[in-house]
Amino acid sequence: MAENPSVPQQTTPSRRRFSWGAWLILGGVLVLLAVLGIGVIRVQRGIQVGDPIPPELTLHTFDGKTYRLGDLKGRVVLINFWASWCVPCEEEAPYLQQAWEHFQGREDVIFLGLAWTDTDDKARAYLKRFGITYPNGPDLGTRWAQVFRIRGVPETYVLDREGRLAYIKIGPFENAQEIIEAIYQVLGEG
Amino acid sequence: MVMRRWLAMVSFLMLVLSVAPPVRAETPTPLPPPPGTVTDDQVNAVAKKLYCPVCENIPLDTCGTKACEEWRELIRRKLAEGWTEEQILEYFVERYGERVLAQPRPKGVHTLVYVLPPVFIVAGVFILWRTLKTWRTLKGEAEPEAPAVAAQDLPEDPYLRQLEEELRNRL
């Protein structure tokens, strides 16, 4: 039985073509693409009703108080993103204050205002101008905005008693009643 | 009498020197410029290193929105208060997040921005080198192989054998 001397010579190049280095690079590129793909999908999906919101999110208000979302479980939380330079925010500001006053007697509803990419003095002047009394503070490091993936202001989100997202409003409210109804709906009293 | 007068004068001088505040060869700390003296160029030098999240892909020094105007005004105030550029950038990062920086800092995920391009370049050069090496090896192996195989196929007849060889040499 004569051996064919050409057989080993044919297999050598194919073995080289798929060396460990090539597999390593291919694997690295695939992992990177997967990470990028997941990131793109998450950004495109955005936040949706029913999504849990991280309880560690904390608001440090302009008057020195601190509100941590995890501590507000059991309460319906309205979160409003606004800015002093935003004209539609000015339109809805009185409605938010009216709705807040409507729920003043209740312990299970709280409003939180977040000044997005705003300067402190302008934000304070805005709150004073519209007589807003519910807790408000800057979105430090835009951490809240990144969690809610906001694309502009005003945007409003309502969390249920379990801390899950229950209602989304992109753009300004047209009247106080719209806000009040949204809250009652989340409270299960609508 | 003269000696006494001299002693009194020396004593007086020593007393004055011991009470007088020490003179230091320090350069005086420059006072922060009063408000209004910060120029637009100074503001823009800091602003061009920042991006406002409201207007994507437009640096703060050229953005015309109200939000960016307010940010530039904030930079002007901070400069007037004597803040350094680094302090102002740090303040903006703390307030508005790392994403406001035109040039991300090599921290956390942002490190990838600095690490990945050289890694890709090195990997690309490595792949190119490997490919060229493989081609060269294949070429080197293929050349001696051809006559070896052909030699087996040479005819037994000496005349035909010579003819085949000459034909191959001509080609």
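A residue counts as buried when its relative accessible area is under 20%, as exposed when that area is over 50%, and as partly exposed in between, with a 1.4 Å probe and protein chains only. By this rule Thr119(A) is buried, with a relative accessible area of 3%.

This is a predicted model, in which local features need pLDDT of at least 70 and side-chain atom pairs count only at pLDDT 80 or more, while totals for chains, interfaces and linings use all residues. Residues are numbered from 1 along each chain as its sequence is written, chains are lettered from A and ligands numbered from 1 in the order in which they are written, and side-chain values use heavy atoms, leaving out hydrogens and water.

**Chain A.** Chain A has six helices and seven strands, taken as DSSP runs (H or I of at least four residues for helices, E of at least two for strands) and numbered from the N terminus. Their order from the N terminus is α-α-β-β-β-α-β-α-β-α-β-β-α. Of its 190 residues, 44% count as buried.

**Around Thr119(A).** The loop between β4 (109-115) and α4 (120-129) of chain A holds Thr119(A). Contact here means heavy atoms within 4.5 Å. Residues up to four places away in sequence aside, Thr119(A) touches Glu70(B), Trp71(B), Leu74(B) and Tyr96(B). Two distances involving Thr119(A) follow.

| Partner of Thr119(A) | Distance |
|---|---|
| Asp121(A) | 3.3 Å, polar contact of side chains |

A polar contact is a pair of N or O atoms within 3.5 Å; within protein, one must be able to donate a hydrogen and the other to accept it, and residues adjacent in sequence count only if both atoms are side-chain atoms.

**The nonpolar core.** A nonpolar core is a set of buried Ala, Val, Leu, Ile, Met, Phe, Trp, Tyr and Cys residues joined through side-chain atoms within 4.5 Å. The largest one has 77 residues, and those touching the most other members are Phe81(A), Phe111(A), Trp144(A), Phe148(A), Ile183(A), Ile75(B) and Phe92(B). Helix α3 (residues 66-80) of chain B gives the largest share of this core, seven residues. Beyond its neighbours within four places in sequence, Phe148(A) is in contact with residues including Ile47(A), Ile79(A), Phe81(A) and Leu165(A).
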